[in-house]
Amino acid sequence: MEIEKYSGRVLPGPIENIYVYQAPVRLWHWITVIMMLPLAVTGYLIGAPPPAIYVGGEATFIYVFAWIRIIHFSCAMIFTIAFLMRLYWAIVGNHHSRDIFLPPVWSLNWWKGLWDQAMYYLFLKKEAPSWVGHNPLAQIAMFAMFVLGSVVIIVTGFALYAQQWAWGDGWMALFGWAHVALDEPQAVRTLHHLMMWYLLLFSMVHIYMVFREDIMGKESVIGTMVDGIRMFKAKEH
Amino acid sequence: MSETYYELFRRQGISRRSFLQFCSLTAASLGLSEVGAQEIAQALQTKERVPVIWLHGLECTCCTEAFIRSSHPLAKDVVLSMISLDYDDTIMAAAGHQAEEHLERTIEKYKGRYILAVEGNASVADDGVYCIPNGKPFIEKLRHVAKDCHAVISWGSCAAWGCVQAAKPNPSGAEPVHKSLRGLGKTIIKVPGCPPIPEVMTAIITFMITYERLPQLDLQGRPKMFYSQRIHDKCYRRPHFDAGQFAEKFDDDGARMGYCLYKLGCKGPTTYNACSTVRWNDGLSFPIQSGHGCIGCSEDNFWDKGSFYEHLPTILPPGWGGIESTADKVGLTAAAVTGAAIAAHAAASVVKQARSKSSNDKLATKE
């Protein structure tokens with residue numbers, strides 16, 4: 001009952017445990033984690049295939065690159081479906097499920113929180129306020145890097161995949177506009193490739209921050225990603 | 001009624017046997033069955049010939065060259081018979097005023113029924129002074145002839161997309177035919193390629209005569225029967241792609257063994273055309289078969305799409321990270337910088353943690 005009351009706000013007093021991340025949010029998180037690794041590896045290999053020396057012999061009996069591609073396509077489909085499910089959950093889920101899709105930029109308190117958080121990470125402030133869900137800095141990073149990055153990588157990815165169809169047919173009917181918008185398929189390919197690095201950069205910082213917060217911060221982080229419950233540590237000083 | 005195609009072919013000395021061969025070949029290239037070949041033969045023997053006016057704008061004549069280099073005498077005769085009878089300023093016998101008079105007569109005689117094939121495009125910068133046939137800007141001639149035509153075939157990449165003269169910075173203001181004919185409401189069939197495949201031309205005209213309708217076009221305005229698949233999808237080197245066997249250099253063992261040219265910048269995976277099935281010079285070969293990657297000549301604006309020989313294009317302007325700053329190099333650099341920043345931040349955090357602990361301890365002892 002206290003969730004609604006304090007959701008997204010700076011906590012006024014000591015509250016022990018709050019159920020923040022509902023099951024679909026956590027499920028999406030871990031599906032995405034599991035899919036991103038093979039997607040990045042196979043995607044890199046599609047962009048820069050290993051030398052043929054590793055796949056010598058008669059082409060009739062070898063299917064290495066095709067397997068790399070089909071793994072990439074399959075994981076991409078699962079990644080996309082999980083993302084769509086997550087979007088749906090942002091609409092029907094609890095307050096926190098909207099955190100990273102709709103940062104409350106209209107709230108003055110949120111901007112203040114963003115400033116405090118940035119100052120805290122720059123070691124210019126001793127403490128940042130506690131947040132039940134994501135802090136404002138995390139929200140804006142997840143929105144700008146992960147959510148927007150995912151949208152771009154999904155659209156460009158499907159546009160590249162769609163090239164197996166004629167213009168106006170199949171997936172090309174749905175995603176051909178991406179080739180038109182970017183003027184040419186090579187630009188779509190390059191953007192898709194750059195987005196992989198963009199999401200990897202996000203993941204690096206994200207993972208670092210998760211561990212840092214879990215060790216140094218006042219709230220639980222890693223455990224929360226598993227059971228959804230945010231625990232607030234008792235004040236040490 | 002004026003003569004049929006069959007009468008025309010016979011008059012030019014083409015045997016009935018060769019005529020039927022042509023019908024089968026065309027039916028096959030259109031993806032039709034044997035019945036289709038019979039329907040084509042029937043149509044070409046009974047229906048009136050469709051007049052074609054062939055105009056040349058800014059172009060290199062490689063489209064016409066592709067026609068007349070066709071090694072098979074039948075194909076060449078048929079193509080030339082089908083397209084150049086009425087007006088083609090490059091290969092017609094008449095010249096000068098005589099030719100222009102003939103053009104006007106053809107427009108008058110076949111009003112609303114002739115097909116306009118355009119090779120090359122119009123220049124619109126500086127009032128079109130960069131292309132002046134018969135003392136007038138080409139765009140005027142183009143619009144004049146297009147006004148009364150049945151349909152337009154944008155023949156070649158110049159007409160379809162703009163090609164080299166429309167490449168950046170496009171000083172002569174060359175523009176594709178569909179832009180020049182804006183507002184006329186004509187169906188424009190694009191047959192891009194630099195040059196396009198000659199058989200596509202005859203197949204389209206044959207299709208239009210036989211079935212009395214225009215071929216189905218894709219979203220970009222190209223006939224679906226020839227432009228619905230990529231070079232890559234029907235490439236004879238595709239097994240090497242699926243196997244992961246790529247030539248690294250044009251003179252390595254992979255290149256000698258006919259491996260896939262993907263890493264050498266082959267544009268087959270992004271190019272819609274029929275080269276890998278119809279091929280060139282009577283099915284003799286096509287660029288990839290000769291050991292060179294596809295340059296994507298039938299795609300819009302292919303001159304401005306970076307190097308023909310790079311798989312991952314250079315993405316930063318010159319002076320930013322060297323000449324080979326591909327997405328991977330930029331990404332790796334950014335990852336390294338981020339990694340270093342994370343390490344520095346982590347170190348600072350540890351120091352901070354230790355400090356606050358020791359100050360806490362001090363506070364505790366004081367209390």
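Helices (H or I, at least four residues) and strands (E, at least two) are DSSP runs, numbered from the N terminus.

This is a predicted model, in which local features need pLDDT of at least 70 and side-chain atom pairs count only at pLDDT 80 or more, while totals for chains, interfaces and linings use all residues. Residues are numbered from 1 along each chain as its sequence is written, and chains are lettered from A and ligands numbered from 1 in the order in which they are written.

**The sheet in chain B**

- Chain B has an open sheet of 5 strands, with parallel pairing, in the order S2-S1-S3-S5-S7.
- Two strands count as paired if DSSP finds at least two bridges between them.
- At the edges sit strand S2 (87-88) and strand S7 (188-191) of chain B, each pairing on one side only.
- Which way do the residues of S1(B) point? Val52(B), Trp54(B) and His56(B) point one way, Ile53(B) and Leu55(B) the other way.
- S1(B) is joined by 5 bridges to strand S3 (residues 115-119) of chain B, and the two run parallel; Val52(B) has Ile115(B) as its bridge partner there.
- S1(B) is also joined to S2(B), by 2 bridges, and Trp54(B) has Asp88(B) as its bridge partner in S2(B).
- Strand S5 (residues 151-155) of chain B runs parallel to S7(B), with 4 bridges between them; Ser154(B) stands opposite Lys190(B).

**Helices in chain B**

- In helix H7 (residues 138-147) of chain B, the buried residues include Phe138(B), Leu142(B) and Val145(B).
- Helix H3 (residues 34-46) and helix H10 (residues 198-211) of chain B pack at an angle of about 80°, with axes 9 Å apart.
- Axes are lines fitted to C-alpha atoms, for helices over the stretch in contact, and angles run from 0 to 180 degrees between N-to-C directions.
- H3(B) and H10(B) are therefore roughly perpendicular, a label for angles of 65 to 115 degrees.
- Their contact uses Glu39(B), Ile40(B), Ala43(B) and Leu44(B) from H3(B), and Thr206(B), Ile209(B) and Thr210(B) from H10(B).

**Where the chains meet**

- How many residues of chain B are in contact with chain A? There are 42, and they touch 35 residues of chain A.
- Contact means that the C-beta atoms of two residues, placed from the backbone, lie within 7 Å.
- Helix H12 (238-243) and helix H15 (327-366) of chain B each supply at least two residues of the side touching chain A, and H15(B) gives the most, with 14 residues.

**Chain A in brief**

- Chain A has 8 helices and 2 strands, running α-β-α-α-α-α-α-α-α-β from the N terminus on.
- Buried residues make up 30% of its 237 residues.
- Among contacts in chain A between residues at least 6 apart in sequence, 63% join residues at least 24 apart.

Technical notes
A residue is buried if 20 or more other C-beta atoms lie within 10 Å of its own, exposed if 12 or fewer, and partly exposed in between; C-beta atoms are placed from the backbone. Angles under 35 degrees count as roughly parallel, over 145 as roughly antiparallel, 65 to 115 as roughly perpendicular and the rest as oblique.
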